[in-house]
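Here are my notes for a colleague who is new to this entry. Please keep the view open while reading the points.

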Amino acid sequence: VKMLITKRLSMLMSGLLLLSLIMLDFPSSLAAKTVNVSPASQPINAPAANDASQQPASDPASVIQYTMVTEEKSASPVGKRSVFSHFQLRLATGAKSAGSITPTQLQVASLGFNPDYVWPSPSGNYVVVMQPVEPGGRPFVINQKTGATTALFTDYSGGSFFGWHPDGRHFLFWIDTVGLWLIDAETSSMVKLAVPSGPVQGAAISPDGKTIAYITDNLPSTLGALWFVSSTGGDAKPQLVTGDISFLYPHAWSPDGSRLIFYGSCNTSDKKSQNQVNGPLCIVDIKTGSRQALDIPFAAYEPNWSPDGRYIAATGYASNTMPCDKTHRFQSLADACLYNGFSIYLADTATGKVQEVTPGIAPVWSPDGSRLAFLSNQSTAPEVWSLGIANRDLQQLTTDTQPKSPYGQLMWFSEAIK
């Protein structure tokens, strides 16, 4: 089980399926724009509640975004490649029955490659798309206001996108040996936050935009540690030991910024011999340092806070169904073993109560916290489903029967890409 979890965490860390890395082929030459690297003198804060320039336009509907992954023949050594298609479902009141919502395919600007990830900013003004390169991806920024596209880090290998700043303009990106950066999507200027001694095992921006948390090695120990650095950079400090295998997700902060959730040890000792995996999801109180282990049989994919900060939705091993045999070789996203033996769990962080609610993987919350969207093959094919939190009603939202990616590409937000 530990080996399986580690493998899935590695997939999330790279931001790209290992299978896709082998299958994809793409042009090697792309136009690049020189970027301006400059320090910031003041912390970058979240927008004020009345700052209309950074707030999404008023829209009663919400949008679920997902990524379909199909295969086609190619001249690559394996004879095929993965093709990523990105769709949005606009949900309106009353859209409940299967097939009643028509998905809209995103027409990403012509870039000379097929992006595997598409991340719209909270403001709706920018989109980051990823060109698949080992060991992760290369970011391109599309300015929705001007239509301009900017390629970043063209002289380096791939890296990892770790989420948008709450101002809707900056985003967090890491490249091995180059460092952790906060990038301005409007100007392409960058703030080097830190150059960790080892690989960054996940990072997240606080809700107020002032603090970036990340996990990396805690030298001279080989155990991982949670570090904090301000949005101006240069002041990174370790906070606590997280264990020999640990990971932080882009949405790790609770909505009020008082807690963090990470995969790793909930023990306070930094001795490797005592590093027992409890949970193995752990919530840490930022002010007191106290830790709370969640009693979820965690099976990777990002856990997510409810908008009110009370609940955690996560993927775990099903209580009554076994996963595929460990000798099974994972073939593709169409493989039933991606779903068999896994369930969606809800953990009440106030009471510690955990409930297994439905078969599925990779849950995300609706903006109002009333529902979860997730992937499941309950209909015998991989589809997007939603679940009501209050009455547990299920809705099948797609019917195309095509494979879909669970690796951070399922999102639910209140503003569609224009």
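1. Ground rules. This is a predicted model, in which local features need pLDDT of at least 70 and side-chain atom pairs count only at pLDDT 80 or more, while totals for chains, interfaces and linings use all residues. Residues are numbered from 1 along each chain as its sequence is written, and side-chain values use heavy atoms, with hydrogens and water left out.

2. Strand E9. Start with E9, residues 170-175. Strands (E, at least two residues) are DSSP runs numbered from the N terminus. Six of its six residues are buried, so E9 is largely enclosed by the rest of the structure. Buried means under 20% relative accessible area, exposed over 50%, and partly exposed in between, with a 1.4 Å probe and protein chains only.

3. Two covered faces. In a regular strand the side chains alternate between the two faces of the sheet. On one side of E9 sit His170, Leu172 and Trp174. On the other are Phe171, Phe173 and Ile175. Both faces are covered.

4. Neighbours of E9. Strands pair if DSSP finds at least two bridges between them. E8 and E9 pair antiparallel over three bridges; Phe161 has Phe173 of E9 as its bridge partner. Five residues separate the two strands of this hairpin, and Gly168 in the turn has a positive phi of about 75°. E9 also runs antiparallel to E10 (residues 179-184), with six bridges. There, His170 stands opposite Asp184. The E9-E10 hairpin has three residues between its strands, and Thr177 takes a positive phi near 70°.

5. The cores. Which residues have the most contacts inside the largest nonpolar core? They are Ile64 and Phe171, in a core of 47 residues. Strand E1 (residues 62-73) gives the most to this core, with five residues. A second, separate core has 28 residues, including Trp253 and Phe298. A nonpolar core is a set of buried Ala, Val, Leu, Ile, Met, Phe, Trp, Tyr and Cys residues joined through side-chain atoms within 4.5 Å.

6. Around Ile64. Leaving aside residues up to four places away in sequence, Ile64 touches several residues, among them Phe87, Leu91, Val384 and Trp412. Contact means heavy atoms within 4.5 Å.

7. Two backbone points to check. Phe153 is not a glycine, yet has a positive phi of about 55°. Phe153 is in the loop between E7 (149-151) and E8 (160-164), and is buried at 8% relative accessible area. Arg392 has a positive phi near 65°. Arg392 lies in the loop between E26 (383-388) and E27 (394-396), and is partly exposed, at 31%.

Definitions and conventions:
Helix = DSSP H or I, 4+ residues; strand = E, 2+ residues; numbered from the N terminus.
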